[in-house]
Protein chains: 2
Amino acid sequence: MQTSSPFRRDRARLPAAERRRQILEMTTRLIAERGFWGLSMQDVADGCGLTVPGMLHHVGSKDSLLVAVLEYRDEEDARSLAEKLGLPVHQLWAEGPRRVTLPEVCSALVRRNAEQPEIVRLFAVLEAESLAPGHPAHAYFKARQRRTLDQFTALSDGDVADPRELAVQVAALMDGLQIQWLREPETIDLVTAWEAAAARLFRVPG
Amino acid sequence: MQTSSPFRRDRARLPAAERRRQILEMTTRLIAERGFWGLSMQDVADGCGLTVPGMLHHVGSKDSLLVAVLEYRDEEDARSLAEKLGLPVHQLWAEGPRRVTLPEVCSALVRRNAEQPEIVRLFAVLEAESLAPGHPAHAYFKARQRRTLDQFTALSDGDVADPRELAVQVAALMDGLQIQWLREPETIDLVTAWEAAAARLFRVPG
DNA sequence: TTGCTTACTGAGTACCTACTAGGTATTAAC
DNA sequence: GTTAATACCTAGTAGGTACTCAGTAAGCAA
């Protein structure tokens, strides 16, 4: 019989999936705040009410935690975007008879992002940090940029003279606007700013 | 007489201004690589062939080092931009009869940036990192964004219907393009990409 | 009730963090 | 040649870093 166990009982013991999800959400917030280089496993653990080894049990290491967060966000975003466009997820970027246009997709993307500044900041910070070749998300963001440009290009292929060029500019403008918005959310409304930008970018000459 | 002094003699003793400049250059490279949160004073000192206290002697603290780097870069950039435009520095953003147009300034900026990817990366990383309110460069980048938008707005004031809107879009597009360029320098040429983007952005409707 | 799985803990490792105190050696001014 | 300024050093502080190890107890199935 022991009256004072060295182990705490006030700590909730969660099922793995649930705990993992909590860790990913927490990490998202902290990376948005401090970047990956500034992320501390201690802070993540504290934020989840765990010890550091307790949370490493679920994610393995700091690097694999980052990868997990990115994959988690990608899934969530694809789901949400498909929903906003009224499409099933698997059909979002599928080939075949085109169902959506580039301006429609952009508009949906921006409206989605306007609802989750925290996540936009996560990607903004990691997008810049991961420019360095040694960064654990370097390959991920390189692939992501390629994929995005390919998808955007495909969406306006046939409609404009230079679909690739347009894709590059659309992606750049969206990213840039988001950063300005994050810096001064009071001054800039993301959706309005984007619609104005889209009007200029997508207008046909002549 | 002592045959083995504990002090090293192989270490160059530089005048303060020169050493300080070296430290700022080194820090620029390292922040571009790892961000400010990932910057280690040890690495800066190593890169300069100094001990950590030896280099702290010149810059005081990590935070003040960051500020010094940003100020140093601003000066350099203003000098270089004025030169590219064939203007004296003090006249760059001065009032009075307008001498340069927004497209001209942008073109000069982009041409300058294409020559120094390292510094562009420094700003890209810090721009994202500093979105967090607690970041030591938070205030700096907020002011910088305001200043840039004001300057861009003034440059096309009177020429277009919505100078502020255009300024926001120009700034966003430049930033976004630079990140894409930094990620895939082999694939994207910054100057070409910008000229194409400018052509679309600045063309008059009708 | 037993036994297995597993979520989680405390303690510890080896190392890095910015920064300070106090001293030495070099340089420049006189 | 002497003195004053200063560039830079060694040593140390107090704390943080990711991560490992071995063990404990909660939950579930039989």
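Through which surface do the copies, chain A and chain B, meet? Of the interface residues of chain B, 100% are also interface residues in chain A, so the copies meet through the same surface. The structure is a predicted model, in which local features need pLDDT of at least 70, side-chain atom pairs count only at pLDDT 80 or more, and totals for chains, interfaces and linings use all residues. Residues are numbered from 1 along each chain as its sequence is written, while chains are lettered from A and ligands numbered from 1 in the order in which they are written.

Confidence is expressed as pLDDT, the predictor's confidence in each residue, from 0 to 100. The average pLDDT of chain A is 92, and 94% of the residues score at least 70. Where pLDDT is low, the predicted coordinates should not be read in detail.

Chain A contains nine helices and zero strands, where helices (H or I, at least four residues) and strands (E, at least two) are DSSP runs, numbered from the N terminus. The order of elements from the N terminus is α-α-α-α-α-α-α-α-α. The C-alpha trace of chain A spans about 85 × 35 × 35 Å along its principal axes. Of the 206 residues of chain A, 33% are buried; a residue is buried if 20 or more other C-beta atoms lie within 10 Å of its own, exposed if 12 or fewer, and partly exposed in between, with C-beta atoms placed from the backbone. Two residues are in contact if their C-beta atoms, placed from the backbone, lie within 7 Å. Among contacts in chain A between residues at least 6 apart in sequence, 55% join residues at least 24 apart.

Chain B superposes on chain A by a rotation of 180° with 0.0 Å of shift along its axis (RMSD 0.1 Å). The two copies are thus related as by a two-fold rotation axis. The superposition is by least squares on the C-alpha atoms of residues with pLDDT of at least 70 in both copies.

At the interface, 36 residues of chain B are in contact with 36 residues of chain A. On the side of chain B that touches chain A, two or more residues each come from helix 1 (16-34), helix 6 (117-129), helix 7 (138-156), helix 8 (163-183) and helix 9 (190-202) of chain B. Helix 8 of chain B gives the largest share, 13 residues. By class, this side of chain B has 19 nonpolar, six polar and 11 charged residues. Ala, Val, Leu, Ile, Met, Phe, Trp, Tyr, Cys and Pro count as nonpolar, Asp, Glu, Lys and Arg as charged, and the others, Gly among them, as polar.

B:Ala128 lies in helix 6 of chain B and counts as buried, with 26 C-beta neighbours inside 10 Å. Leaving aside neighbours within four places in sequence, B:Ala128 is in contact with A:Ala124, A:Val125, A:Glu127, A:Ala128 and A:Ile179. B:Phe141 is 13 residues from B:Ala128 in sequence and 9.5 Å away in space, C-alpha to C-alpha.

Within chain B, helix 2 (residues 41-48) and helix 3 (residues 52-59) pack at an angle of about 95°, with their axes 9 Å apart. Axes are lines fitted to C-alpha atoms, for helices over the stretch in contact, and angles run from 0 to 180 degrees between N-to-C directions. Helix 2 and helix 3 of chain B are therefore roughly perpendicular to each other (65 to 115 degrees; under 35 counts as roughly parallel, over 145 as roughly antiparallel and the rest as oblique). B:Met41, B:Gln42, B:Val44, B:Ala45 and B:Cys48 in helix 2 meet B:Val52, B:Gly54 and B:Met55 in helix 3. This contact has six nonpolar, two polar and no charged residues.

B:Phe36, in the loop between helix 1 and helix 2 of chain B, is buried, with 24 other C-beta atoms within 10 Å. Beyond four places in sequence, the contacts of B:Phe36 are B:Ile31, B:Leu66, B:Leu126, B:Glu129 and B:Ala137. B:Phe36 and B:Glu129 are 93 residues apart in sequence, with 7.9 Å between their C-alpha atoms.
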